[in-house]
Amino acid sequence: MPRVSAAPVTLEGWYVLHSMYAVDWPRWNALGAAERDAIVAEATALLERQAAPVEGESGCWTLLGHKADLCLMHWRRDLEALRAEEVALARTRLRTFLVPTYSYVSVIELGTYELAGHAEARLAARGVVPDAAQREEEMRRMAAPRLFPKIPPRRYLCFYPMSKRRGEQVNWYDLPPAARAELMRGHGEIGRKYAGQVTQVIAGSIGLDDWEWGVTLFADDPLVFKKLVHEMRFDPASSRYALFGPFYVGIRFAAGALGRGSAHGSRRHRLIRAGSRRSPPLKLLLSG
């Protein structure tokens, strides 16, 4: 039997929950305007509280296509905090008009293929010959902004899950660490070409959900999603070893913009318009 390839060290940050819902439009449209306004007001108050947690981040996106109408994303310190946000929504009247279509649980993850070398160099510059614990602690200090980030203030979101192949012809998990590191280094070089245009957040989900990673991209120009993913498909790390799940694309809105034609659609609750201020206003999700 071949020797088992060494598993890479990973660092973890926020736990992540993506929740996708379709609106039951016939039931929603059958309500009177006053009842809709009351339901939206209750949901808006919750979403605004969730958007300003003691620790973590939350955001709302309206989705395109048939897969869902709404994406709620939460980043929290632990699973208990994520579950609390799920339950809080479940207790609102709006939840009875939302049909769950997809969800994904993961934790923001950073591989240490390159980070370990940078950490050792920094420690060496300080005259430290590190042991494994010191090396990991230095990596955590360096990586903290990427493990516990804020949601980028960009207008568009693209989310998709993915895994690495474990088939008869190629198997990512049989590759030696050096080969995996080299492939991921080349993969990262493509991503760095898009620095300033797109922010990428990788979350690990092995043991947490059906795929192995959840990828969330943020940009002010949605065409960047196509260009970045298309270019990466030609990189061996993807062309030989990657499997992709469903893609979700959405437009971000402020929690207070859930409804239109009431105080919740007021000037101070206008949509988030990251990037160009000339972006056209979004057709709000639950407008009357």
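The model is predicted: local features need pLDDT of at least 70, side-chain atom pairs count only at pLDDT 80 or more, and totals for chains, interfaces and linings use all residues. Residues are numbered from 1 along each chain as its sequence is written, and side-chain values use heavy atoms, with hydrogens and water left out.

Start with Arg76. It lies in strand E3, residues 70-76. Strands (E, at least two residues) and helices (H or I, at least four) are DSSP runs, numbered from the N terminus. Arg76 has a relative accessible area of 2%, so it is buried. Buried means under 20% relative accessible area, exposed over 50%, and partly exposed in between, with a 1.4 Å probe and protein chains only. The Arg76 side chain reaches the backbone oxygen of Gln50 at 3.1 Å. Contact means heavy atoms within 4.5 Å. Beyond its neighbours within four places in sequence, Arg76 contacts several residues, among them Trp14, Tyr15, Pro53, Glu55, Glu57 and Glu85.

Turn to the cysteines. A disulfide is a covalent bond between the sulfur atoms of two cysteines. Here the criterion is a pair of cysteine sulfur atoms within 2.5 Å. The count comes to zero. Cys60 is in no disulfide; its nearest cysteine sulfur, that of Cys71, is 8.8 Å away. Cys60 is buried, at 6% relative accessible area. Cys158 is buried too, at 2%.

Now the rings. Rings of Phe, Tyr and Trp (its six-membered ring) pair if their centres lie within 6.5 Å; planes under 30 degrees apart count as stacked, over 60 as edge-to-face and the rest as tilted. The count is 10 aromatic pairs. Tyr102 and Tyr104 have ring centres 6.5 Å apart and planes at 15 degrees, so this pair is stacked. Tyr102 is partly exposed at 21%, whereas Tyr104 is buried at 0%. Tyr160 and Phe244 have centres 5.8 Å apart and planes at 50 degrees, so their pair is tilted. This pair links distant parts of the chain: Tyr160 is in strand E5 (residues 156-164) and Phe244 in strand E8 (residues 242-244), 84 residues apart. Tyr160 is buried at 4%; Phe244 is partly exposed at 23%.

Ring pairs also link Tyr102, Tyr104, Phe159 and Tyr248 into a cluster. The charged end of Lys67 sits over the Tyr248 ring, 5.3 Å from its centre. That label requires NZ of Lys or CZ of Arg within 6 Å of the ring centre and within 35 degrees of the ring normal. Arg77 places its charged end over the ring of Phe148, 4.2 Å from the centre.

How values were computed:
A polar contact is a pair of N or O atoms within 3.5 Å; within protein, one must be able to donate a hydrogen and the other to accept it, and residues adjacent in sequence count only if both atoms are side-chain atoms.
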